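Open your viewer and get ready to click along. This tour goes stop by stop, telling you what to select and what you will find there.

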Amino acid sequence: MESNFLELTKKRRSIRKYTDKPVPRELVEYFISCAAYAPSGCDSQCWHFVAVDNREIINRLADATAKEAIEFYGTGYSGATQEFLTSREKAVSFFRNAPLVIFVFMDKMKYYDERAVQVFSKKGYDYRGMVDKLGYYDILSIGAAVQNMLLAITEKGYGACWMNDPVIAEDKIKELLGVRNELKLISVVPVGEPQYSPRQKVLKDQKAILEYR
Ligand SMILES: Cc1cc2nc3c(=O)[nH]c(=O)nc-3n(C[C@H](O)[C@H](O)[C@H](O)COP(=O)(O)O)c2cc1C
């Protein structure tokens, strides 16, 4: 028999169409609890979530994101046909259809060993340069939290999609949500009852992705 955990990881799929059924706030809090148990670099827990379940606010965010995308992709590129722009608009703003959208932010974090920070600083690295050299530990922490959240959402019978395309409108989204300036928008996760079952996923052969030494 397959393990329950493998089954849950298989069941989690990107869902992009949802029914109107609301997602209760108790469940939102459960999803965020699961996210918050994720590991994080220096145990920084450098995440911040804004859950939006207000239809009017979701529409405003989707409108603003679509507008930013059209502005960005529609200028400085001669291949920007109407068809291309319509497809970009849809790709960045389909979170509009969800009854709940969770905006995932990263907070600035401090590396635990100040002496190590000094070495980087002496060698000319800025904050971002140091984090990148050490393997993006702040962004990875957010990824771990998002994946925990997606599994929790799946476990409770809801569907979601991990989205980065809307981040194109980060400044506008931050302004509309009224969040602190230091927060960086990393991902957007629309959540709702799935309106369809996705096609079966074809995985790469394990022999191609795993080596032993
Ligand atoms: C970091 C990240 C960003 C993603 N951004 C988007 C996105 O902007 N729009 C979208 O439709 N899907 C996005 N996806 C979902 C992927 O397209 C999806 O995970 C992939 O096609 C595999 O399908 P599955 O999630 O059903 O297994 C993203 C996934 C990840 C991990």
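Color the protein by secondary structure and follow the chain from the N terminus: the elements come in the order α-α-β-α-α-β-α-α-α-β-α-β-α. That makes nine helices and four strands; helices (H or I, at least four residues) and strands (E, at least two) are DSSP runs, numbered from the N terminus. This is a predicted model, in which local features need pLDDT of at least 70 and side-chain atom pairs count only at pLDDT 80 or more, while totals for chains, interfaces and linings use all residues. To find your way, note that residues are numbered from 1 along each chain as its sequence is written.

Zoom out for a moment. The C-alpha atoms fill a box of roughly 55 × 50 × 40 Å, taken along the principal axes. Of the 213 residues, 24% count as buried. Here a residue is buried if 20 or more other C-beta atoms lie within 10 Å of its own, exposed if 12 or fewer, and partly exposed in between, with C-beta atoms placed from the backbone. Among contacts between residues at least 6 apart in sequence, 85% join residues at least 24 apart; two residues are in contact if their C-beta atoms, placed from the backbone, lie within 7 Å.

**Stop 1: the sheet**

Select the four strands. They form an open sheet in the order E1-E2-E4-E3, with antiparallel pairing. E1 and E3 are the edge strands, each pairing on one side only. Two strands pair if DSSP finds at least two bridges between them. As a reminder, strands of a sheet pair through backbone hydrogen bonds, either parallel or antiparallel.

Click Phe 105 to see both neighbors: Phe 105 is the bridge partner of His 48, and Phe 105 stands opposite Leu 185 in E4. Further along, Leu 100 stands opposite Val 191 in E4.

Why is E2 largely enclosed by the rest of the structure? Seven of its seven residues are buried, so E2 has that enclosed position. In a regular strand the side chains alternate between the two faces of the sheet. On one side of E2 you will find Leu 100, Ile 102, Val 104 and Met 106, and on the other Val 101, Phe 103 and Phe 105, all of them buried.

**Stop 2: helix H7**

Select residues 137–155, which make up helix H7. At 1.5 Å a residue its 19 residues should span 27 Å, and the end C-alpha atoms are 27 Å apart, which agrees; the expected span is 1.5 Å times one less than the number of residues. H7 packs on the sheet, touching E1, E2, E3 and E4, and its direction makes about 5° with that of E4. For that angle, axes are lines fitted to C-alpha atoms, for helices over the stretch in contact, and angles run from 0 to 180 degrees between N-to-C directions.

Center on Asp 138, which counts as buried because it has 24 C-beta neighbours inside 10 Å. Leaving out residues up to four places away in sequence, Asp 138 touches Gly 41, Cys 46, Met 106, Met 109 and Val 131. Just after H7, look at Gly 157, with a positive phi of about 85°.

**Stop 3: the loop between H2 and E1**

Select Asp 43 in this loop. Its phi is near 50°, a positive value in a residue other than glycine, and Asp 43 is exposed, with 10 other C-beta atoms within 10 Å. Gln 45 lies in the loop too, with phi near 45°; Gln 45 is partly exposed, with 17 other C-beta atoms within 10 Å.

**Stop 4: the ligand**

Finally, select the ligand and display Arg 13, Ser 14, Arg 16, Cys 161, Trp 162, Met 163, Asn 164, Asp 165, Pro 198 and Lys 201, which surround it. A residue is near a molecule if its C-beta atom, placed from the backbone, lies within 6 Å of it. This shell divides into four nonpolar, two polar and four charged residues. Ala, Val, Leu, Ile, Met, Phe, Trp, Tyr, Cys and Pro count as nonpolar, Asp, Glu, Lys and Arg as charged, and the others, Gly among them, as polar.
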